[in-house]
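Please examine the chain displayed below before reading on. The report is written for a reader who is new to protein structure.

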Amino acid sequence: MDFKIIKPEKKLMRFFQGWDFVFVFVSFLPLFLLGIYLLFSRNIPASIESFSEIIGFFALLTSFLMIFGFFYSFRKLKTFGEKEEEIEAPLLFLLKVYVLTSVVPLLFIAIFTLLWIFPILIKEQKLLLLYIITILIGFTFLLSFFSFFSFRKKLFELFNFFRDENFVNRSIVESQIDFFNIKDYDILYEKATELYEKLFNPDFVSLLIKRGKIKTYNLNKDFVIKFLEKLGDGDEFNLELNEEYGKFFKDSKFLYVFKSDIKDGSFYVILGRKKNNFSSNEVGKMRVFSHYLSLHLRKIEYEDLQVNFFTHTVNLLVMSLEGNIVPKNHLQNVARYSNMISRELNMDEERRRRLYFAALLHDIGFLKIPVELQGIPEKYKLHPTLGAELVGEIEMWKDISEIIKYHHEAYDGSGYPEGLSGEDIPLESRIIAVAESFDALTNEYSYKSIVDENYALSDIESKAGKKYDPQVVEAFIRCFREKSNEE
Ligand SMILES: [Fe+2]
């Protein structure tokens, strides 16, 4: 057998184990025995009978008080930590309970015994009884002292446990906001790996997606894929490996494998440890975290599909417009120049992408104007508004719609359809205006007579501040200079 599947452990975390438990549980016993002895033994000398009854009674009472103190602290200890308190308060509480239920009553018994019983026992030479009483009270002191310290130790352990627990839970939840904004598989893999490492201390992490990219972090890819197939059904596996098999997983002895079915491909997480198997508590959290991660992967996949759909749909539209309604290559050129300018102006990725699509579609309004009427200026001037209306129907392109609407506005306010000026015109529209004019002057398929690039540039430059935004013109000219310098 190459590996064995470990069943999840059902044990809950135990608060008391081994010696801690013994100390706490037997600390009241010597006192209890003393109480019974003093109250019921027939060997008690008559001279101390009345005292021994009082002390016996108090000894029994104290032993019960100690048990009460133990359970009372235990209950408090269990509820503590769910709230994020400081450890000082529970420590003080524990000390108070210890002093009140053990130290004070024990001191009372010890002093009473020393003052009234021991002098009589010494006088009557009943030394055996004296030793028995001393030993029993002494043991009780000792044991109660140890049990107090074992309680204190548990308290610290518990405090740390809950603090770590809260940290892991909080990190898992907070990471979701981070993950939600990630649009790239690689970045998500990187961030998720970091978190798996931070939260679960594995000796290695490997994330895999069967279709497309496979991230195996130096694991033997073919072997891992075969291994995963061998695991069979189920979405989660906790495995113990033999040495030979473990070497394929960086010498791990224990593996946790999470499998999530994403449409068209499965996503896997493999975590390995050389020592110490993952606890069921950790497995539970890894499962939650991995499920979240699979949702984010799925989201990125859908976004990729959407972008793919958009790009190809826009391509179809561009193909149908170019050469028929607008000159050949016009839309693609305008998009290319716009992209150049937006990069020169350091616009962010998202805005640049929007501008690119807007540039490809900026003349789509012509679809609503019959070809024979397109030459009439009043009709021609309708195309930005008509285009904006067409695109505005698409919820996700609402912001593109505005860019299209204002691409014939002029910087000095002499444009159409609304006569906006300066910064009131969206920057993207101002960019398309420059890009479009340049292509109209230089495109070999242009309907107008064409000029060479330098002439076109100086023509545009002469209109900076009038028809065009001077900043955009400057950026455009800079791009061209850089380009010709490179050539
Ligand atoms: Fe136009």
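**Overall form**

This is a predicted model, in which local features need pLDDT of at least 70, side-chain atom pairs count only at pLDDT 80 or more, and totals for chains, interfaces and linings use all residues. Residues are numbered from 1 along each chain as its sequence is written. The pLDDT is the predictor's confidence in each residue, from 0 to 100. The chain averages a pLDDT of 85, and 91% of the residues score at least 70. Over residues 9-13, however, the pLDDT is below 50, and this stretch has one contact in the model beyond near neighbours in sequence. Two residues are in contact if their C-beta atoms, placed from the backbone, lie within 7 Å.

The chain contains 17 helices and five strands; helices (H or I, at least four residues) and strands (E, at least two) are DSSP runs, numbered from the N terminus. Its radius of gyration is 41 Å, whereas a compact globule of 487 residues would have a value near 23 Å. That radius is taken over C-alpha atoms, and the globule rule is 2.2 Å times the number of residues to the power 0.38. Along the principal axes, the C-alpha atoms fill a box of roughly 135 × 60 × 40 Å.

**Helix pairs**

Two packed helices are described by the angle between their axes and the distance between the axes. Axes are lines fitted to C-alpha atoms, for helices over the stretch in contact, and angles run from 0 to 180 degrees between N-to-C directions.

| Helix pair | Angle | Axis distance |
|---|---|---|
| α2 (residues 29-40) and α5 (residues 127-180) | about 145° | 7 Å |
| α10 (residues 330-344) and α17 (residues 470-486) | about 105° | 9 Å |
| α15 (residues 427-442) and α16 (residues 453-462) | roughly 140° | within 9 Å |

The angle makes α15 oblique to α16, while α10 and α17 are roughly perpendicular to each other. Angles under 35 degrees count as roughly parallel, over 145 as roughly antiparallel, 65 to 115 as roughly perpendicular and the rest as oblique.

Helix α2 passes α5 in a left-handed crossing, and α15 passes α16 in a right-handed one. A crossing is left-handed if the near helix is turned anticlockwise from the far one by less than a right angle, and right-handed if clockwise.

Which residues of α2 meet α5? They are Pro 30, Leu 31, Leu 33 and Leu 34, which face Ile 133, Leu 136, Ile 137, Phe 139 and Thr 140 in α5. This contact comprises eight nonpolar, one polar and no charged residues. Ala, Val, Leu, Ile, Met, Phe, Trp, Tyr, Cys and Pro count as nonpolar, Asp, Glu, Lys and Arg as charged, and the others, Gly among them, as polar.

In α10, Met 340, Ile 341 and Glu 344 meet Val 472, Ala 475, Phe 476, Arg 478 and Cys 479 of α17. The contact of α10 with α17 has six nonpolar, no polar and two charged residues.

**Loops**

The peptide bond from Tyr 416 to Pro 417 is cis, with omega near 10°. Pro 417 lies in the loop between α14 (398-405) and α15. Gln 125, in the loop between α4 (88-123) and α5, has a phi near 60°, a positive value in a residue other than glycine.
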